[in-house]
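I opened the notebook to record what I looked up in this structure. The entries go from the whole chain to single residues.

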Amino acid sequence: MNRYILFLIIIIVIFLASCYYDNVEALYPSLASTCDTTNVTFSGTIVPILSSNCTSCHSGGAPSGSITLTSYANVQTIAASGMLMNSLKGTGVPAMPLSGSLSACKISQVQIWIKNGMLNN
Ligand code: HEC
């Protein structure tokens, strides 16, 4: 093979390999070491966040905003519609919880759970 072409291919491969760098601590620098962003599960992470911050208003027969956050199916539907993250960030809707926003760590954990496919794990 022509040396010039080989050289060009190597440069292209190096260039492409350098494009993607998906490191949680690099994406969310403030979370380094204190926030568990690797073992994010529905039962172990999301349910505790929702039950301590949200279900006091979003459960029962007349949930606030007609939003129920007590079952996987409810939460998955609201997450898939984008409404869950919008409410946590206060994007276009009142920021939730109404008493003040969640920590950056908890918001990131919800975002990671959504990004990972909203598994019922
Ligand atoms: C103190 C009660 C209270 C708590 C706690 C609370 N919410 Fe709400 N939430 C409301 C009320 C009231 C509305 C209706 C607001 C409106 O539509 O003006 C609402 C609306 C919403 C909506 C619909 C957004 C919209 O306006 O269309 C979502 C999604 C939501 N809440 C998610 C959450 C999440 C997630 C949490 C926990 C992090 C949470 N809420 C905690 C009272 C609460």
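The entries below concern a predicted model.

**Entry 1: the whole protein.** I began with the secondary structure. I found six helices and zero strands. Read along the sequence, the pattern is α-α-α-α-α-α. I then looked up burial: of the 121 residues in the protein, 26% are buried. The exposed surface comes to about 7800 Å², and carbon and sulfur atoms supply 62% of it. I also checked the contacts with a separation of 6 or more, and 56% of them join residues 24 or more positions apart.

**Entry 2: the core.** Which residues have the most contacts inside the largest nonpolar core? I noted Ile46, Leu69, Val75, Val110 and Trp113, in a core of 20 residues. Two or more residues of this core come from each of α3 (42-53), α4 (72-80), α5 (83-89) and α6 (104-115). I picked Val110 to follow further. Leaving out residues up to four places away in sequence, I listed Ile46, Ile49, Leu84, Met85 and Leu88 as the residues that Val110 touches.

**Entry 3: helix α4.** I looked up the buried residues of α4 and wrote down Val75, Ile78 and Ala79. Why do the buried residues of α4 line one face of the helix? Seen down the axis of α4, they fall within an arc of 100 degrees, so they share one face.

**Entry 4: Thr70.** I found Thr70 in the loop between α3 and α4. Is Thr70 buried or exposed? I recorded a relative accessible area of 52% for Thr70; exposed means over 50%, so Thr70 counts as exposed. Even so, Thr70 has contacts. Not counting residues up to four places away in sequence, Thr70 touches Thr55, His58 and Ser59. Thr70 and Ser59 are eleven residues apart along the chain, and I noted 6.3 Å between their C-alpha atoms.

**Entry 5: a surface patch.** Tyr4, Ile5 and Leu8 make a nonpolar surface patch of about 310 Å². I placed Ile5 in helix α1 (residues 3-19).

Note on methods
Residues numbered from 1 in each chain as written. Predicted model: local features only at pLDDT ≥ 70, side-chain atom pairs only at ≥ 80, totals over all residues. Heavy atoms only, no water. Patch = residues over 30% accessible without salt bridge, like charges linked within 9 Å, V, L, I, M, F, W, Y side chains within 5 Å. Areas by Shrake-Rupley, 256 points an atom, 1.4 Å probe, with all protein chains shown as cover. Salt bridge = Lys/Arg side-chain N within 4 Å of Asp/Glu carboxyl O. Helix = DSSP H or I, 4+ residues; strand = E, 2+ residues; numbered from the N terminus. Core = buried A, V, L, I, M, F, W, Y, C linked by side-chain atoms within 4.5 Å. Buried < 20%, exposed > 50% of the residue type's maximum accessible area, 1.4 Å probe, protein only. Contact = heavy atoms within 4.5 Å. Arc of directions from axis to C-beta.
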